[in-house]
Amino acid sequence: MPVRPLEELLLNPMPRWKRTLDVVGAAVGIVALSPLLFATALLIKLTSPGPIFFLQKRDGWGGKPFSILKFRTMYRDAEQRKAALRAQSEQDGPAFKMANDPRITPIGRFLRKSCIDELPQLWNVLKGDMTLVGPRPLDSREAAECEVWQRRRRWITPGLTCIWQVHGKSKVPFKEWMRMDIRYIRARSLWNDAALIIRTAFAVILHRGSH
């Protein structure tokens, strides 16, 4: 018989209650927010040359890559300029976070501050690539630099929001961020998910949901 990698044996499948919450929540969100989504797409197209959406490879469940969908908030040459700005990252570890990133467009700053740029990920949730609550998926290149124990976060499906999202983000050391994700995995439940969704909503209203 073929030998399966150890990580595959440790993967946690999506609970039925969680997938049901994802499908209902994402579908309702897309329909209810459709005027905002359309207006944002139009605004991006009118104010900056380039595509409306930004697609990037992220690590999903079990490390399987998928294309995350976001509204584009940066200029078209953003990925080419990233290496030159790496030393200015405010997040330690392999992840890149920079508050006053010069690659961000004027409208992009508003979209990030309001977290509107993340709304297209409701489609990722509906498809099953992501869940409403779970560890934020890392860029596949950054995820490859994680230590072995940090890859435990890949045992469950990545999410739109998580403990890290409402507890300081780039102010949190990278290793502590990883510990937060592992802590969530151990305590995953309907009630914890509901609490994180509510806290995320307050963080967005108070403009604490973005960098």
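**Close-up views of a predicted model**

View 1. Residues are numbered from 1 along each chain as its sequence is written, and side-chain values use heavy atoms, with hydrogens and water left out. The largest cavity holds about 110 Å³ of space, a volume being the space filled by probe spheres set on grid points that are joined across faces, edges and corners. Its lining has 14 residues, and D59, L138, A143, R153 and R154 lie nearest the centre; lining residues have an atom within 4 Å of a point. By class this lining has 7 nonpolar, 2 polar and 5 charged residues, with Ala, Val, Leu, Ile, Met, Phe, Trp, Tyr, Cys and Pro counted as nonpolar, Asp, Glu, Lys and Arg as charged, and the others, Gly among them, as polar.

View 2. Helices (H or I, at least four residues) and strands (E, at least two) are DSSP runs, numbered from the N terminus. F54 stands opposite K70 in β2, and among the 5 residues between the strands of this hairpin, G62 takes a positive phi near 70°.

**View 3. The largest nonpolar core.** The largest nonpolar core has 25 residues, and L138, F174 and W177 have the most contacts inside it; such a core is a set of buried Ala, Val, Leu, Ile, Met, Phe, Trp, Tyr and Cys residues joined through side-chain atoms within 4.5 Å. At least two residues of this core come from each of β2, α6 (121-127), β3 (131-133) and α8 (174-186), and α8 supplies the largest share, 6 residues. Not counting residues up to four places away in sequence, L138 touches K57, R58, D59, A95, A143, C146, R153, F174 and W177, a contact meaning heavy atoms within 4.5 Å.

**View 4. The largest pocket.** About 910 Å³ of space lies in the largest pocket, a pocket being an open set of points with protein on both sides within 12 Å along at least five of seven lines. Its lining has 42 residues, of which R58, K70, M74, K97 and R112 are the closest to the centre. Two or more lining residues come from each of β1, β2, α4 (78-85) and α5 (106-114), and the largest share, 5 residues, is that of β1. The lining of the largest pocket divides into 18 nonpolar, 6 polar and 18 charged residues.

View 5. P158, found in the loop between α7 (140-143) and β4, is buried, with a relative accessible area of 4%; buried means under 20% relative accessible area, exposed over 50%, and partly exposed in between (1.4 Å probe, protein chains only). Leaving aside neighbours within four places in sequence, P158 is in contact with D59, G60, W61, F66, D129, M130, T131, G134, P135 and P137. The C-alpha atoms of P158 and V125 are separated by 9.4 Å, although these residues are 33 residues apart along the chain.

Technical notes: This is a predicted model: local features need pLDDT of at least 70, side-chain atom pairs count only at pLDDT 80 or more; totals for chains, interfaces and linings use all residues. Two strands pair if DSSP finds at least two bridges between them. On a 1 Å grid over the protein atoms alone, a cavity is a set of points where a 1.4 Å probe fits but cannot get out, and a pocket is an open set with protein on both sides within 12 Å along at least five of seven lines; lining residues have an atom within 4 Å of a point.
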